[in-house]
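The following exercises are meant for a reader meeting this structure for the first time. Please work through each task before reading its solution.

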Amino acid sequence: MILVIGATAHFGRQTVEALAGAGRQVRALSREPERAGLPEGVEVVRGDLTDPVSLGPALDGVTELFLVLPHGLDARPLLDRAGEAGVRQIVFLSSGAVVDGADRQPDVIAAYHAGVEQEIRAMGVDWTFLRLFFPAINSLAWAMQLQGGDTVRGPHAAAAASVVHERDVAEAAAAVLGATGHSGRVYELTGPQSLTQTEQLDLLGRALDRELRFEEVPQETVRQQLSRFMDADFVAALLDLMVATTGKPAPVNDTVEHLTGHPPRPYAQWAADHAADFH
Ligand SMILES: NC(=O)c1ccc[n+]([C@@H]2O[C@H](COP(=O)([O-])OP(=O)(O)OC[C@H]3O[C@@H](n4cnc5c(N)ncnc54)[C@H](OP(=O)(O)O)[C@@H]3O)[C@@H](O)[C@H]2O)c1
């Protein structure tokens, strides 16, 4: 039995759907199973990662775990319970910001994911880490602005990313879960091409049949705005990543194709799939 954590959000939901569609035995964890809206036949079990006792029923009989964690959440209680329950394989959705072998990770995003990776490595289970930089879902941050007009105001228009569709991430996870040959492997997942934010917005505009415009806002203005409701170190990490990716194309690799058997979906496909989110 495969247990998916984070099963009601972007990556986990698509992974549950991919596994269920392939006829695999999959269970989803949610704090509110009645609102999960997962496909019929998927077992949804109530549990809260901050309440370890609640995880017992979800982990019963589980041999593989797909782990998508909300940023900063302490994974220790879950990992302890998973070890006790006899989980043999953990696939963790990690971050491309992690620097292997560094004494000190470059930012809080990298540090958090590196810490969870280390905890999983120490468990003695089969582990595989899927690392991402910028998933295409990050464009959903533009939705509110685009529901009110055709301009996106944000920092670093020229920041580039090889944005990856969440369905490709899910299919890669589904291919690794329960399979042999992936233990101890770190896979960096990318989309098929490097795109700046301006280029992404242009492709999104074509999918929406609208002419969209990116208006550059100084980084400090954005830092102040975001820090009102997000952790300041997390905001700093996001902005630093954008600076680091400005003016040079993001790496593209064939890992998605290697794992799933098909090329990664282009951003234009993602935009078409998500057009309704921007109206
Ligand atoms: N966005 C990026 O740039 C990026 C890049 C690299 C990696 N990632 C990875 O992707 C993650 C985000 O994935 P996402 O957007 O799909 O999910 P998300 O929106 O960050 O998290 C929401 C999911 O977590 C579950 N959840 C939250 N708190 C929980 C708790 N206390 N107990 C049990 N479940 C809980 C929710 O389930 P219920 O509400 O149903 O309980 C929901 O399924 C990041 O944290 C990071 O690890 C993101």
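The exercises below concern a predicted model.

**Exercise 1. Overall form**

Task: Determine whether the radius of gyration of the protein agrees with that of a compact globule.

Solution: Begin with the composition: the protein contains 11 helices and 11 strands. Next, consider the extent of the C-alpha trace, which spans about 50 × 45 × 35 Å along the principal axes. For 279 residues, a compact globule would have a radius of gyration near 19 Å; the protein has 19 Å, and therefore the two agree. Two further figures complete the picture. Of the 279 residues, 43% are buried. Among contacts with a separation of 6 or more, 73% are between residues 24 or more positions apart.

**Exercise 2. The packing of two helices**

Task: Describe how helix H1 and helix H6 are arranged relative to each other.

Solution: Two packed helices are described by the angle between their axes and the distance between the axes. Helix H1 covers residues 10-21 and helix H6 covers residues 166-176; their axes come within 8 Å and cross at roughly 55 degrees. An angle between 35 and 65 degrees is neither roughly parallel nor roughly perpendicular, so H1 and H6 are oblique to each other. The crossing of H1 past H6 is right-handed. On the H1 side, the residues that meet H6 are His10, Phe11, Gln14, Thr15, Ala18 and Leu19. Their partners in H6 are Glu166, Arg167, Val169, Ala170, Glu171, Ala173 and Ala174. Sorted by class, this contact comprises seven nonpolar, three polar and three charged residues.

**Exercise 3. The surroundings of Leu239**

Task: Which residues does Leu239 touch, not counting those up to four places away in sequence?

Solution: Leu239 is placed in helix H9, residues 232-244. With 19 other C-beta atoms within 10 Å, Leu239 is partly exposed. The residues touched by Leu239 are Pro155, Gln219 and Arg223. Glu64 is 175 residues from Leu239 in sequence, and the C-alpha atoms of the two are 35 Å apart.

Methods. Residues are numbered from 1 along each chain as its sequence is written. This is a predicted model: local features need pLDDT of at least 70, side-chain atom pairs count only at pLDDT 80 or more; totals for chains, interfaces and linings use all residues. Axes are lines fitted to C-alpha atoms, for helices over the stretch in contact, and angles run from 0 to 180 degrees between N-to-C directions. Helices (H or I, at least four residues) and strands (E, at least two) are DSSP runs, numbered from the N terminus. Angles under 35 degrees count as roughly parallel, over 145 as roughly antiparallel, 65 to 115 as roughly perpendicular and the rest as oblique. A crossing is left-handed if the near helix is turned anticlockwise from the far one by less than a right angle, and right-handed if clockwise. Two residues are in contact if their C-beta atoms, placed from the backbone, lie within 7 Å. Ala, Val, Leu, Ile, Met, Phe, Trp, Tyr, Cys and Pro count as nonpolar, Asp, Glu, Lys and Arg as charged, and the others, Gly among them, as polar. The radius of gyration is taken over C-alpha atoms; the globule rule is 2.2 Å times the number of residues to the power 0.38. A residue is buried if 20 or more other C-beta atoms lie within 10 Å of its own, exposed if 12 or fewer, and partly exposed in between; C-beta atoms are placed from the backbone.
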